[in-house]
Amino acid sequence: MLISVIVPVYNAEKYLRECLDSIVNQTYQNIEIILVDDGSTDGSGAICDEYADKDIRIRVIHSTNKGVTAARINAFETSSGDYITFVDADDFLDCNMFKKMLNTIMEDNTDIIVCQYINYDSKTKKQEKSILRPPIGIYYKEDIVRLLKKNFLYNEKTGMAGMTPFLCAKLIKREFVQEILNVELGLSYNEDQVGIFTLLLRINSMSIIQDYFYYYRHHSVQATAVYNDRLWERIADSMQRFRELDRNDYLTIQLPQKCFLMLFECTTKAIKSGIDIAIINCEIDDYLNRLPYTFNTKFTTPKNKIKFFLIKYKFIAILKMIFTAKSFLSRFIV
């Protein structure tokens, strides 16, 4: 069985060699590696070409910057693998990942297999295993529907999604990939989670294994770690896409919770970035107006209801004081 490994690359020069070494040195060798240099302005493109010159399994596509989804589609259209997996250019893999995952998905005869990931701090080199989600095992259609209804998008107990929200750390049968990528087009935040939701609506079976094979690197220049003035719009677009796709109303309770969580995240990032309170208030109004039928605080915790009240009614100065106080006190807590 051939595995197609798709790696979008954009200004990842600092981490790219470690990523590519972890792919080419896999114990399972029947792979094709498609690197899409998405208009990088650093040395990433040259590194891609260097590796392609040394390994016939590697193919490089150079393009103008069009974003991660367009890069993945470009690569997928030229791929020929029976199974597809995605790797981010700043992450890296355990050398046994492909061998174990392919063996298991074929033994289980499932449509997708998901391994666990390790959060890797680029600065401190600290490694922390992610919360295992969903529980290990084989999921058939009724189990998948139960997951979608219960906590796919948001788990009240953990404050996280009930399933890892990115395409990486997964091996997927080829027949399901095109639809995933198509539904992600036009989104630039939460796009993978939207794709995975579509995937779970279509597949009949799924394997979840407990092996921690994927190393997800955290660093300060990641798009999700940086505030920008289009963040609210991008998140609102993804929440609206969920609403459009959820024709069976699986997310009736979870979507309001997720929308609030994202609203609070945006507000927090804006405050900590020093954005003027008047601008934050305008962004909040726009966000709420874009999702007029989504918010329903009856589905959330008392603590979150208080947070929503403070945000909705523009008590941003109070939140700012709370964050300032927490930051100050944290200096004295060991």
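**Side-chain contacts**

Modeller: Arg17 is partly exposed, because its relative accessible area is 37% (buried is under 20%, exposed over 50%, partly exposed in between; 1.4 Å probe, protein chains only). This is a predicted model: local features need pLDDT of at least 70 and side-chain atom pairs 80 or more, while totals for chains, interfaces and linings use all residues. Numbering runs from 1 along each chain as its sequence is written, and side-chain values use heavy atoms, without hydrogens or water.

Searching the whole structure gives 15 salt bridges (Lys or Arg side-chain nitrogen within 4 Å of an Asp or Glu carboxyl oxygen). Arg17 is in one of them, with Glu50 as its partner. The N to O distance is 2.8 Å. This pair links distant parts of the chain, 33 residues apart. Arg17 belongs to helix α1 (residues 13-24), Glu50 to helix α2 (residues 44-54) (DSSP runs numbered from the N terminus: helices H or I, at least four residues; strands E, at least two). Glu50 is also partly exposed, because its relative accessible area is 30%.

Asp111 forms a salt bridge with Lys173. Their closest N and O atoms are 3.4 Å apart. Here too, distant parts of the chain are linked, 62 residues apart. Asp111 is in the loop between α4 (97-108) and β6 (112-121). Lys173 is in strand β9 (residues 170-173). Both Asp111 and Lys173 are buried.

Glu233 and Arg230 make another salt bridge, at 3.5 Å from N to O. Glu233 has a relative accessible area of 33%, so it is partly exposed. Arg230 also counts as partly exposed, at 39% relative accessibility. There is a network as well: salt bridges link Arg72, Asp88, Glu184 and Asp192.

Now the rings. The structure holds nine aromatic pairs (Phe, Tyr or Trp six-membered ring centres within 6.5 Å; planes under 30 degrees are stacked, over 60 edge-to-face, the rest tilted). Phe92 and Tyr215 form a stacked pair. Their centres are 4.6 Å apart, with 10 degrees between the planes. Phe92 is in strand β5 (residues 92-93) and Tyr215 in strand β10 (residues 205-218). The two are 123 residues apart, so to speak distant parts of the chain that this pair links. Phe92 counts as buried, because its relative accessibility is 11%. Tyr215 counts as buried too, at 15%.

Trp232 and Tyr287 pair edge-to-face, at 6.5 Å centre to centre and 70 degrees between the planes. Trp232 lies in helix α8 (residues 231-245) and Tyr287 in helix α10 (residues 277-290), so their contact ties together parts 55 residues apart in sequence. Both Trp232 and Tyr287 are buried.

Last, the cysteines. The whole structure has zero disulfides (two cysteine sulfur atoms within 2.5 Å). Cys115 is in none, and its nearest cysteine sulfur, that of Cys168, is 9.9 Å away. Cys115 counts as buried, because its relative accessibility is 0%. Cys266 is in no disulfide either. For Cys266, the nearest cysteine sulfur belongs to Cys259, 11 Å away. Cys266 is buried, with a relative accessible area of 0%.
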